[in-house]
Amino acid sequence: MNRFPKFNMVVEAPVLLKMWYNDLNVFHKRDLSKYVGALTELINIVGWPELVEVLTGYWDNERMVFRFGTMEITPTIKEIRDGIDTVDTGLERRARKQESILIPNKPTLEDIINYISFMYLYVRLGHASFYANYNQEFRVTFREWDGIRPLAFTIALLGTMVFPQGPSLSINTRVIMLAHTLFHGHLNQRQVKYYPIAPVILSDMYRALGRCKEGHRYFQGCNLLLQWWILSHLAKGRGTQQLHTLDNNKSLKGLNDVLFWADLENRKTRGRWGQILSELRADDIQ
């Protein structure tokens with residue numbers, strides 16, 4: 001079996017997703033910051049497929065660690081949680097009884113197991129002017145429709161960038177439930193409880209690593225977060241730049257514009273990445 005198999009993955013955000021984010025107002029973006037932290041910064045990253053493909057070759061699926069030379073390292077829930085800056089997110093949220101126009105009152109089995117398309121969401125909620133096109137379908141006021149746009153954007157962001165299903169930009173309907181829980185909590189024994197998203201992201205990442213190492217042809221996890229994680233550990237000795245969170249002074253966006261080694265271009269080759277990772281020692285890791 002090829003140690004470094006090729007597979008497809010998210011390389012950059014869909015253009016329409018970027019346009020959607022740019023059209024949101026300051027109040028929408030404040031809500032996004034509150035509920036999904038720095039995950040919106042994913043739309044500014046460009047993926048390095050060669051790095052992730054080679055990185056996967058060093059993954060031990062049984063022990064769930066990366067083995068580089070004489071050392072082991074693995075992403076943790078704390079690292080992912082701190083990276084997306086969602087520590088304690090939800091403690092100040094107020095539970096509100098609100099029916100989402102995106103979720104059927106009585107979902108059928110077909111509603112639960114099927115996928116929705118990114119375009120379905122975008123043409124209905126992606127721009128402030130789109131309300132007029134589908135207001136008969138929504139049957140809510142413009143203010144109510146506008147209030148749901150941050151949640152809809154979160155579904156699109158999670159479905160295409162964090163939990164991608166494939167290049168067709170189909171979104172698993174379970175992502176709707178997950179996003180709704182982030183915003184409104186989950187009613188459990190008459191109490192509304194909020195749950196962090198980091199463990200879900202990490203478990204999906206682990207699963208995707210194992211499947212792609214076995215030959216699966218699409219990385220159905222957040223390869224951009226995985227890329228951020230390994231690069232943040234390889235940034236040792238590069239001045240005082242802090243890389244603890246995705247949106248810290250736009251550091252994540254800046255990662256795509258800096259060179260960690262003078263002789264390497266942004267798009268490293270598989271062979272060069274293999275050499276770098278295989279020669280890593282504990283002193284080389286941040």
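Predicted model: local features only at pLDDT ≥ 70, side-chain atom pairs only at ≥ 80, totals over all residues.
Me: Tyr-131 and Phe-138 form an aromatic pair, so is it stacked or edge-to-face?
Reply: The two ring centres are 6.4 Å apart, and the planes make an angle of 20°. Planes under 30 degrees apart count as stacked, over 60 as edge-to-face. The Tyr-131 and Phe-138 pair is therefore stacked.

Me: Are Tyr-131 and Phe-138 buried or exposed?
Reply: The cut-off for buried is under 20% relative accessible area. Tyr-131 has 16%, and Phe-138 has 11%. So Tyr-131 is buried, and Phe-138 is buried.

Me: Which charged end sits over the ring of Tyr-134?
Reply: There's a Lys case elsewhere: Lys-29 lies over the face of Tyr-21, 4.6 Å from the ring centre. For Tyr-134, the charged end is 4.4 Å from the ring's centre, and it belongs to Arg-124.

Me: How do helix H6 and helix H7 pack: roughly parallel or roughly perpendicular?
Reply: Two packed helices are described by the angle between their axes and the distance between the axes. Here H6 (residues 118-125) and H7 (residues 131-138) have axes 8 Å apart, at an angle of about 105°. Angles from 65 to 115 degrees fall in one class, so H6 and H7 are roughly perpendicular.

Me: How many of the residues in the contact of H6 with H7 are charged?
Reply: H6 brings Tyr-120, Val-123 and Arg-124, while H7 brings Tyr-134, Glu-137 and Phe-138. Four of the contact residues are nonpolar and none is polar. The charged ones number two.

Me: Is Arg-149 buried or exposed?
Reply: Arg-149 is in helix H8 (residues 142-162). Leaving out residues up to four places away in sequence, Arg-149 touches several others, including Trp-20, Asp-23, His-28 and His-127. Its relative accessibility is 1%, and under 20% is the cut-off, so Arg-149 counts as buried.

Me: Zooming out, what share of the contacts in the protein chain with a separation of 6 or more comes from residues 24 or more positions apart?
Reply: The protein chain has 13 helices and seven strands. Of its 286 residues, 49% are buried. As for those contacts with a separation of 6 or more, the share from residues 24 or more positions apart is 72%.

Technical notes. Residues numbered from 1 in each chain as written. Heavy atoms only, no water. Phe/Tyr/Trp six-rings, centres within 6.5 Å; stacked < 30°, edge-to-face > 60°. Buried < 20%, exposed > 50% of the residue type's maximum accessible area, 1.4 Å probe, protein only. Lys NZ or Arg CZ within 6 Å of the ring centre and 35° of its normal. Axes fitted to C-alpha atoms, helices over the stretch in contact; angles between N-to-C directions. Helix = DSSP H or I, 4+ residues; strand = E, 2+ residues; numbered from the N terminus. Parallel < 35°, antiparallel > 145°, perpendicular 65-115°, else oblique. Contact = heavy atoms within 4.5 Å. Nonpolar A, V, L, I, M, F, W, Y, C, P; charged D, E, K, R; others polar.
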